[in-house]
Amino acid sequence: MIQRIQTIYLGLATLALATLMILEPIWQSQAAARYEWFEPAFMSMAVGSAGLAFVAIFFYKRRKRQRKIVIGAQSLTILAALALYVGFYLSGELDVRVGDSIDVLRVIALILPIIAYVFLVLGRRGIEHDIKKVEDMNRFRLRDE
């Protein structure tokens with residue numbers, strides 16, 4: 001399980017998505033105070049995506065199902081990022097500059113969904129590579145018989 005590179009990618013995606021839950025700029029934002037849809041929408045999609053990415057790690061014996069779970073996690077990650085960006089845009093907080101400096105935590109909060117999505121894509125690519133490898137091995141076994 002751990003020797004497969006997609007396990008590392010799925011673990012890193014889970015970590016990135018879970019980190020979003022503790023970042024202060026998201027929960028202390030004007031979007032969270034102004035729009036009542038923001039917190040539940042973002043929270044449910046981010047937690048769902050992190051959960052799916054974590055659960056997908058343990059489906060290493062059923063690669064096709066693991067790929068479907070990762071696709072679901074990718075979809076929820078896109079929706080979570082969309083909710084985050086739309087909420088910040090509507091509240092006017094999409095700008096990361098605060099005076100003359102840059103709000104580093106807000107930059108991290110805006111980049112983490114993208115990083116998680118990239119890790120999910122890399123994990124899915126590894127899963128698809130394993131699926132192809134198993135299908136090639138089955139083709140060779142059928143040819144020998």
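Predicted model: local features only at pLDDT ≥ 70, side-chain atom pairs only at ≥ 80, totals over all residues.
## Helix α5

Helix α5 spans residues 63–90 and contains 28 residues. From its first C-alpha to its last, the helix reaches 40 Å, close to the 40 Å expected at 1.5 Å a residue. After α5 comes Gly-92, which has a positive phi near 80°.

Side chains of opposite charge can pair when their charged atoms come close. The structure holds 4 salt bridges. One of them joins Arg-4 to Asp-130, with the closest N and O atoms 2.8 Å apart. This pair links distant parts of the chain, 126 residues apart: Arg-4 lies in the segment before α1 (5–20), and Asp-130 belongs to helix α6 (residues 104–144). Arg-4 and Asp-130 are both buried.

## Two further salt bridges

Glu-128 and Arg-124 form a salt bridge whose closest N and O atoms are 3.2 Å apart. Because these residues are 4 positions apart in helix α6, about one helical turn separates them. Glu-128 is partly exposed, at 33% relative accessible area, and Arg-124 is likewise partly exposed, at 26%.

Arg-106 pairs with Asp-103 in a salt bridge, the closest N and O atoms being 3.8 Å apart. Arg-106 has a relative accessible area of 15% and is therefore buried, whereas Asp-103, at 21%, is partly exposed. The cut-off for burial is under 20% relative accessible area.

Methods. Residues numbered from 1 in each chain as written. Heavy atoms only, no water. Helix = DSSP H or I, 4+ residues; strand = E, 2+ residues; numbered from the N terminus. Expected span 1.5 Å × (residues − 1). Salt bridge = Lys/Arg side-chain N within 4 Å of Asp/Glu carboxyl O. Buried < 20%, exposed > 50% of the residue type's maximum accessible area, 1.4 Å probe, protein only.
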